[in-house]
Amino acid sequence: MTDLAGAAAAAARHRGRFSIWIERHPVRTSVFAILVLLFLFAVFAPWSPGLESVFGRKRIFVSAIMNGLTLGALYFVVASGFTLIFGLMQNVNLAHGSLYALGGYIGYEVATASGSWALSFIVSFLAIAFAGVLLQFLVFRRMEGEVLRQTMVTIGISIVAGDAMLWIWGGGFYQIEAPRWLSGATQLPIVIAMKSDGSAVYLGYPLIRVAVLLASIVLGVAIWLVLNRSRIGMLVRAGVDDRQMLAATGVRVQLLFVSVFAFGAGLAGLAGVIGGTVQALGPGEDIRFLLASLVVVIVGGMGSITGAALGALIVGLAEQLGSVYIPTYAAMITFLIMVVVLAIRPQGIMGRA
């Protein structure tokens with residue numbers, strides 16, 4: 001009963017904060033509500049010929065939206081580990097993209113050798129988590145608080161790791177085969193056209209991408225609950241704010257931080273398997289996902305899981321919509337978003353958790 005009462009009180013506090021925010025920012029709330037309604041209309045309602053003449057066929061627009069959501073989900077899994085390590089623990093790990101790529105390659109080898117897609121996730125998570133433990137002990141524990149040294153050393157590790165992966169796996173691209181039950185497409189309740197007889201045509205979308213989107217939502221909610229509603233999350237946040245005081249209470253702070261670092265690195269390994277399944281693995285993916293993680297964390301807010309989710313959503317949608325409607329400038333859009341956010345709100349949209 002005590003736990004239920006505590007949960008109810010916490011929910012009431014959050015509802016109160018939400019109501020206060022709406023009362024203080026009525027214009028922002030109204031604009032946001034209108035944008036959400038317009039977005040839902042654009043996705044779910046049939047388009048008139050006028051809309052199609054401006055934005056092109058609805059199938060292309062909706063496919064870009066869905067691709068942006070699934071890409072954002074992948075970015076979130078990578079960036080959630082990065083924001084735990086960088087945003088919460090203040091460890092500048094610029095080898096995070098290499099952990100993603102290495103996790104993908106390990107997952108490919110495991111899936112190819114065993115024929116088990118699920119096993120590739122387990123082995124990749126454990127292997128990259130162990131690599132994270134080694135990084136914590138050999139690098140970050142010796143350079144605590146030395147941001148510049150951490151940056152330079154992890155850049156060097158990233159370069160060496162990239163060359164090693166190129167030597168082992170070559171310059172080709174690898175694809176992890178999804179299980180049969182996730183192959184094919186499924187119909188989503190999104191109308192993309194109307195037939196001459198008045199019946200609706202619904203969007204068909206790869207089932208594996210839908211699964212990735214749903215899994216990332218579950219993962220994000222779980223991480224948020226652990227950080228904000230559990231004793232472990234409380235200890236992590238307390239250790240970040242005042243490590244000496246927490247250690248004085250008898251908590252093994254170093255073990256706690258190593259565990260968080262290992263988990264954040266393991267998430268990069270999981271993301272590598274996901275990326276190798278829905279996209280491909282190859283040279284340059286480590287740099288691409290490191291840059292994406294940096295942009296996501298800067299846009300969303302360092303140390304904030306909700307910020308990472310929002311930043312990943314914005315970056316994923318911007319990349320995919322940009323590649324469809326303004327392909328010449330698509331590569332610039334995400335960095336333009338980052339510059340605007342830094343100019344208006346340097347701490348990120350959600351700020352630091």
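What percentage of the 353 residues of the protein count as buried? In this predicted model, local features need pLDDT of at least 70 and side-chain atom pairs count only at pLDDT 80 or more, whereas totals for chains, interfaces and linings use all residues. Residues are numbered from 1 along each chain as its sequence is written, and side-chain values use heavy atoms, with hydrogens and water left out.

The share of buried residues is 42%, where buried means under 20% relative accessible area, exposed over 50% and partly exposed in between, with a 1.4 Å probe and protein chains only. The protein contains 14 helices and two strands, which are DSSP runs (helices H or I, at least four residues; strands E, at least two) numbered from the N terminus. Its radius of gyration, 22 Å, is close to the 20 Å that the globule rule gives for 353 residues, so the protein is as compact as a globular protein of that length; the radius is taken over C-alpha atoms, and the rule is 2.2 Å times the number of residues to the power 0.38. Along the principal axes, the C-alpha trace spans about 70 × 55 × 45 Å.

Helix α4, which covers residues 58–88, has a kink of about 30 degrees centred on Phe82, the bend at a residue being the angle between axes fitted to the seven residues ending there and the seven starting there. Of the 31 residues of α4, 26 are buried, so the helix is largely enclosed by the rest of the structure. Just after α4, Gln90 adopts a positive phi of about 60 degrees.
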